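The following exercises are to be worked through with the sequence and the structure at hand. Each task is followed by a solution in steps.

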Amino acid sequence: MAGEGDVKLLGAAVSPFAVLARMALELKGVSYEYVHEDMGNKSDLLLRSNPVHKKVPVLIHDGRPVCESLAIVEFVDEVWDTAGPSILPTDPYQRAVARFWAGYADGKLFPAYFGIERAATEAERAEKVKETVAVISQLEAALSNGKPFFAGDSVGYLDIVVGCHLFWLEAFSRMFGVALVDASKTLLFAAWAERFGEDEVASKGVVPGADKVVEYFKKKHQAR
């Protein structure tokens, strides 16, 4: 694997955003130390490295922290530009389009599906399910290129930005008996999700199973 300086990644087991950062490192073949954070008892290292949000992931490269998952992905792609394939498209227009959809996914997808768990009533939950499916439907528009992945013939930037959420979507589908990735509604997205799940970047041990998310929420509810 590629190496340049000391690289640590602070993450948490079921954080989709930490999974995203790990996918980027794996795509570029970067050697790194993964440091698991207990978010109920945050380490001094995390608090020093991300004093603004106090969240994971944080990439620490040669002692300098980089916060926020999308910034980490771009940093990794630029620092290790000669190692592995480019994560972002090389064409400026395609790169801008990918960033647009990544911003959309980052700002809309997680709040929509996380709202399913937080809903106080069945009506609120149904509304959040509808909202999640609507976000997925919009993302499907970026797949209408006749290619197997958002990036084309292989996994790239938007694939990992969206793909890091798939294990949560599967977990919430199980937990609440709802269809979030539904081939009858979003055929292209469902087919992409299956292909992405079989890709090497999603099967290197960096993506927890949906069972981990289910277990996390069981423990969380028991602690209330």
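**Exercise 1. Aromatic pairs**

Task: State how many aromatic pairs a search of the whole structure finds, and classify the pair of phenylalanine 100 and tryptophan 101.

Solution. The model is a predicted one. Step 2: the ring centres of phenylalanine 100 and tryptophan 101 are 5.2 Å apart, and their planes stand at 75°. Step 3: an angle over 60 degrees counts as edge-to-face, so this pair of phenylalanine 100 and tryptophan 101 is edge-to-face. Step 4: phenylalanine 100 has a relative accessible area of 52% and is therefore exposed, whereas tryptophan 101, at 15%, counts as buried.

**Exercise 2. A pair between two helices**

Task: Which class does the aromatic pair of tyrosine 113 and tryptophan 168 belong to, and which parts does the pair tie together?

Solution. Step 1: the centres of the two rings are 6.0 Å apart, with 45° between the planes, and the pair is tilted. Step 2: tyrosine 113 belongs to helix 4 and tryptophan 168 to helix 7 (residues 166-176), so the pair joins parts that are 55 residues apart in sequence. Step 3: tyrosine 113 is buried, because its relative accessible area is 0%; tryptophan 168 is buried as well, with 4%. Step 4: both rings belong to a cluster linked by ring pairs, whose members include Phe17, Phe110, Phe114 and Phe172.

**Exercise 3. Strand 1 and its partners**

Solution. Step 1: 4 of the 5 residues of strand 1 are buried, so the strand is largely enclosed by the rest of the structure. Step 2: strand 1 pairs with strand 3 (residues 58-61) in the antiparallel sense over 4 bridges; here lysine 8 stands opposite isoleucine 60. Step 3: strand 1 and strand 2 (residues 33-36) run parallel and are joined by 4 bridges, with lysine 8 opposite glutamate 33. Step 4: together with helix 1 (residues 16-28), strand 1 and strand 2 make a right-handed β-α-β unit.

Methods: Residues are numbered from 1 along each chain as its sequence is written. This is a predicted model: local features need pLDDT of at least 70, side-chain atom pairs count only at pLDDT 80 or more; totals for chains, interfaces and linings use all residues. Side-chain values use heavy atoms; hydrogens and water are left out. Buried means under 20% relative accessible area, exposed over 50%, partly exposed in between (1.4 Å probe, protein chains only). Two strands pair if DSSP finds at least two bridges between them. A crossover is right-handed if, with the strands pointing away from the viewer, the path from the first strand over the helix to the second runs clockwise. Rings of Phe, Tyr and Trp (its six-membered ring) pair if their centres lie within 6.5 Å; planes under 30 degrees apart count as stacked, over 60 as edge-to-face and the rest as tilted.
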